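I want to go through the fold, the surface, the core and the backbone angles.

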Amino acid sequence: MRSRDGNRSITRAICSLILLNSLALDAKEFLISYRYMVKDATLYNETLSISPAMKKCSGNSHKSLVISSFGDDNIKLTIEKNSEAFLNFIHKLGLHVQHNEVTQNAQNKSTTILTLKTTCFKVDFNENSAKIAPLK
């Protein structure tokens with residue numbers, strides 16, 4: 001409906017802003033942690049843990065990743081099918097690196113552990129994609 005002064009564009013702008021905010025509120029939050037361990041240049045252990053957040057996470061969205069989701073809301077399956085892209089994404093976020101190297105009797109032993117501490121991610125599923133963004 002048109003107002004008396006003819007400002008329909010303001011009404012449209014307000015409605016679109018409300019619509020965009022409602023889409024952001026529909027996003028789900030998950031806690032994700034990652035650990036990658038290499039012993040003597042051989043992959044020893046790799047663990048990716050995903051669980052739904054029990055309470056609302058605080059913080060603002062950071063850089064996001066858009067990956068294909070195959071029409072479902074299953075975050076574990078979505079990340080599994082796009083594992084290389086997701087792992088590259090979390091490596092860019094910054095991982096804690098712990099390295100230990102020991103040489104004894106001409107034998108070199110090394111252990112490297114990469115860790116992403118438990119981080120809250122906001123995930124917004126669409127029909128064919130998922131937008132994943134860490135909260136900081």
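Predicted model: local features only at pLDDT ≥ 70, side-chain atom pairs only at ≥ 80, totals over all residues.

Residues are numbered from 1 along each chain as its sequence is written, and side-chain values use heavy atoms, with hydrogens and water left out.

**Surface.** I get about 9,800 Å² of accessible surface for the protein chain, 51% of it on carbon and sulfur atoms. Of its 136 residues, 28% are buried (under 20% relative accessible area; exposed is over 50%, partly exposed in between).

**Fold.** I read α-β-β-β-α-α-β-β-β along the sequence, using DSSP runs numbered from the N terminus (helices H or I, at least four residues; strands E, at least two).

**Core.** Which residues have the most contacts inside the largest nonpolar core? I found Ile75, Phe86, Ile90, Phe121 and Ile132, in a core of 21 residues. Such a core is a set of buried Ala, Val, Leu, Ile, Met, Phe, Trp, Tyr and Cys residues joined through side-chain atoms within 4.5 Å. Elements supplying at least two residues each include β1 (28–39), α3 (83–93) and β5 (107–125). Leaving out residues up to four places away in sequence, I see Ile75 touching Phe30, Ile50, Val123, Phe125 and Ile132 (contact: heavy atoms within 4.5 Å).

**Backbone.** I checked Asp40, a non-glycine with a positive phi of about 50 degrees. Asp40 sits in the loop between β1 and β2 (42–52) and is partly exposed at 43%.

Methods
Buried < 20%, exposed > 50% of the residue type's maximum accessible area, 1.4 Å probe, protein only. Areas by Shrake-Rupley, 256 points an atom, 1.4 Å probe, with all protein chains shown as cover.
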